Amino acid sequence: FDIAMVGNIAAVDTYKAWGVENVHWWPLGYRVEDYDSTLTESKILSCQRDESVVLLCERVEKYRKARVDAYVKSFPHGRYYGRGWPAGFLPESERIPLLQRSKIGVNIHNSTGPINVRTFCLPANGVMQICDNRDSLSKIYRLDEEVVGFDCIEEAIELTRYYLENEDERRSIAARGWRRATTDYNEVACFRRLTDAVESFLGDVNSSLLYSVCANDF
């Protein structure tokens, strides 16, 4: 292929090692139905949230199950939904309202990453994200300013306890994460990464026409 657009930022160097010359990170981002556009930075900094912890993911695969189970023991009153959870699936109509009532969203992958939609959807809803794959996460957000990273589940538990007790710090990180997500990882911004990569490959001759066609699609 002329261009490889890779969703997993942790895999970009692997593609390069395979000899792929034109490889670019293409974040999944979040879509318009994944957040409430009326949320503002001032609301994140001032409004009260009544849910401490939220996690919406499957709890079946062995690698993740062991870690999420350890996490839940420390925060049994969190809100956990998805395949394999006792509460089952959360109705779609309740997803965004729950996120915008939640203080902390823990993000636990089944692979290297970060790659899932939660990486972008959590901060877009004003949730302070605590996410694994810390090294690669630092290429997407500013650590401890826009998001908090961890390497092991015990660290995630301690970080969650800390930020639940330190409300002002949590709100500040959530607000900066929201600002970054809504600026760089919305649907249009993510698609623009594709058009920019193609324009760069094709050169200036065809770039203006290509961008015009893609922009009209939006």
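When I say two residues meet or are in contact today, I mean that they have heavy atoms within 4.5 Å of each other. With that settled, hi everyone. One thing to keep in mind throughout: what you're looking at is a predicted model.

On the α7 side we have Tyr-162, Tyr-163, Leu-164 and Glu-165, and they meet Glu-167, Glu-169, Arg-170 and Ile-173 in α8. If you want to find α8 on the screen, look for residues 167-184. The axes of α7 and α8 are 5 Å apart, and the packing angle is about 105°. That makes α7 roughly perpendicular to α8, because anything from 65 to 115 degrees counts as roughly perpendicular.

Now stay with α7, but look at another partner, helix α3. Here the axes come within 10 Å and cross at roughly 30°. So α3 and α7 are roughly parallel to each other, since the cut-off for that is an angle under 35 degrees. The crossing of α3 and α7 is right-handed. Who touches whom? From α3 it's Arg-67, Ala-70, Tyr-71 and Ser-74, and from α7 it's Ile-153, Ala-156, Ile-157, Thr-160 and Arg-161.

Which residues of α3 are buried? Those are Arg-64, Arg-67, Val-68, Tyr-71 and Val-72. If you look down the axis of α3, these buried residues fall within an arc of 135°, so they line one face of the helix. Some background for anyone new to this: an α-helix has 3.6 residues a turn, so residues three or four places apart point the same way.

And what sits on the face turned away from the buried side of α3? There you'll find the exposed residues Lys-62, Ala-66 and Lys-73. Back on the buried side, the packing partners are the strands β3, β4 and β5, plus the helices α5 and α7. In numbers, β3 is 51-56, β4 is 79-81, β5 is 102-107, α5 is 118-124 and α7 is 153-165.

Next up, helix α4, residues 92-99. Its buried residues are Arg-95, Ile-96, Leu-98 and Leu-99. They cover an arc of only 160° around the axis, which puts them on the same side of α4. The elements covering them include β3, β4, β5 and α5.

Where is Asp-34? In the loop between β2 and α2. Buried or exposed? Asp-34 counts as buried, because its relative accessibility is 10% and the cut-off is under 20%. Apart from its neighbours within four places in sequence, Asp-34 is in contact with Arg-95, Ile-96, Val-117, Cys-121 and Asn-125.

Okay, on to some backbone details in the loops. Gly-113 and Pro-114 are joined by a cis peptide bond, with omega at about 5°. You'll find Pro-114 in the loop between β5 and α5.

Then there are a couple of positive phi values. Asn-133 isn't a glycine, yet its phi is positive, near 55°. Asn-133 lies in the loop between β6 and α6, and it is partly exposed, at 22% relative accessible area. Asp-144 isn't a glycine either, and its phi is positive too, about 65°. Look for Asp-144 in the loop between α6 and β7; at 47% relative accessible area, Asp-144 is partly exposed.

While we're in that loop, let's look at Glu-145, which lies between α6 and β7 as well. Glu-145 is partly exposed, with a relative accessible area of 35%. How far apart are Glu-145 and Gly-177? In sequence it's 32 residues, and in space it's 7.5 Å, C-alpha to C-alpha. Leaving out neighbours within four places in sequence, Glu-145 is in contact with Ser-172, Ile-173 and Arg-176. We already came across Ile-173, in the α8 list of residues that meet α7.

Last stop, Cys-47, in the loop between α2 and β3. Cys-47 is partly exposed at 39% relative accessible area. Cys-47 and Asp-69 are 22 residues apart in sequence, and in space their C-alpha atoms are 30 Å apart.

Terms used:
Residues numbered from 1 in each chain as written. Predicted model: local features only at pLDDT ≥ 70, side-chain atom pairs only at ≥ 80, totals over all residues. Heavy atoms only, no water. Buried < 20%, exposed > 50% of the residue type's maximum accessible area, 1.4 Å probe, protein only. Helix = DSSP H or I, 4+ residues; strand = E, 2+ residues; numbered from the N terminus. Arc of directions from axis to C-beta. Axes fitted to C-alpha atoms, helices over the stretch in contact; angles between N-to-C directions. Parallel < 35°, antiparallel > 145°, perpendicular 65-115°, else oblique. Left-handed = near helix turned anticlockwise from the far one by under 90°.
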